[in-house]
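Hi everyone, thanks for making the time. I'd like to walk you through one model, from the overall fold to a couple of residues.

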Amino acid sequence: MADMSDETDDRTAAEQGIRATYTETESERRLAFEVTDDAAAARPGATATIAQNIEGYAMLKVRPTADGDELERYYGFDMALDHAAELLGVAPHDLPVPTAADDMGM
């Protein structure tokens with residue numbers, strides 16, 4: 001199993017077979033998660049994205065992919081992380097969060 005425990009920069013993080021990437025588009029802030037093949041007790045290849053408007057004050061949207069249909073909206077980052085973790089088949093505390101995404105939902 002590859003060691004993915006080190007955060008590579010403030011926009012990416014990886015831990016326990018889950019890679020997280022923070023990006024910004026013209027209209028959204030996005031935190032995308034992907035389960036790699038070496039993740040324990042997860043769905044290999046599964047993805048989930050948490051999106052928020054670029055201003056950072058609107059409700060958080062959970063999607064199966066970055067451009068996928070919205071599944072649910074949440075006021076709190078913790079609740080959005082719970083839903084994303086459920087989609088990936090992991091516990092919420094297993095999701096790595098890059099530094100740049102720390103303030104989502106605040």
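A quick definition to begin with: helices (H or I, at least four residues) and strands (E, at least two) are DSSP runs, numbered from the N terminus. By that rule the protein has one helix and six strands, in the order β-β-β-β-β-β-α along the sequence.

Two housekeeping points. This is a predicted model, where local features need pLDDT of at least 70 and side-chain atom pairs count only at pLDDT 80 or more, while totals for chains, interfaces and linings use all residues. Residues are numbered from 1 along each chain as its sequence is written, and side-chain values use heavy atoms, with hydrogens and water left out.

Of the 106 residues, 42% are buried, meaning under 20% relative accessible area; over 50% is exposed and in between is partly exposed (1.4 Å probe, protein chains only).

Is R63 buried or exposed? With a relative accessible area of 9%, R63 is buried. Its side chain makes a polar contact with the side chain of E28, at 2.5 Å. By polar contact I mean a pair of N or O atoms within 3.5 Å; within protein, one must be able to donate a hydrogen and the other to accept it, and residues adjacent in sequence count only if both atoms are side-chain atoms.

Finally, G89 sits in the segment after α1 (77-88). G89 is partly exposed, at 25% relative accessibility.
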